Amino acid sequence: GVQANLGRYEVRGILGKGGYGVVYRAWDLALEREVALKVLPRDMHDNAEAVARFFRESTAIARLNHPNIVRFYEVGAFQGRYYFTMELVDGRTLKDMCDKESPLEPKKAARYVAGICRALAALDSLGLVHRDVKPENVMVGDDGSVRVMDFGAARGVGEARTGARMVLGTL
C-alpha cells in the first residue's frame, strides 16, 4: 500500500483499483483541494508495458480540456512511486447507477450517452481512441455531470490497429 502521505498528497481512502493502479481520494496540501490520486503499484515499476501504459494515460488526459472528461492535474514521482492526480468527481460510476437503478429513465440515459459521445468526439479531435469505454469508466457527478475516465488503453488513431487475435480493453 501507500503511506498516509505521498509527497504533498494526504491519502484519505481508496476510490478504486484497476489493473494498472490504485486510485485514492487525497488532499493536495499545497493547493488545498481534494484530488483523485492514481498510483502505479510498486510491483509494476519493473514492467515496461505497465509503466508505459500509466504514463500514456496521464499524457492522454493532460491533452484534454473538456467538460465530459475528467480533468488532469499533475504527474510525478515521490520516493520512487509514480503517480498522477486528476479531478475528483463526487458521484457514482454509471455501472453502479445501472446496477442499482436499472432501467434508467430514457431522458437520463440519453443525457449520459450524449455526454459520453461528446467526450469521445473530443478525443477523436486529438486523434485519440479510448478503447475501453464501459459503464465503470464513466462517472456521473452528484450534479448530473458526465465524465469519461481511465485512459490507460488510449492510443493515437494510427497506433490503434492490433493483431486479429489481440483482445483490447474489457470484454
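Buried means under 20% relative accessible area, exposed over 50%, and partly exposed in between, using a 1.4 Å probe and protein chains only. Welcome to a predicted model, in which local features need pLDDT of at least 70, side-chain atom pairs count only at pLDDT 80 or more, and totals for chains, interfaces and linings use all residues. Residues are numbered from 1 along each chain as its sequence is written, and side-chain values use heavy atoms, leaving out hydrogens and water.

- Gln79 is exposed, with a relative accessible area of 61%, and its phi is near 50°, a positive value in a residue other than glycine.
- Glu32 counts as exposed at 60% relative accessibility, and has a positive phi of about 50° although it is not a glycine.
- For context, most residues other than glycine have a negative phi.

**Sheet**
- Six strands form an open sheet in the order 1-2-3-4-6-5, with antiparallel pairing; strands are DSSP E runs of at least two residues, numbered from the N terminus, and two of them pair if DSSP finds at least two bridges between them.
- Strand 1 (5-6) and strand 5 (72-78) stand at the edges with a single partner strand each, so one side of each is left without a neighbour in the sheet.

Key: Helix = DSSP H or I, 4+ residues; strand = E, 2+ residues; numbered from the N terminus.
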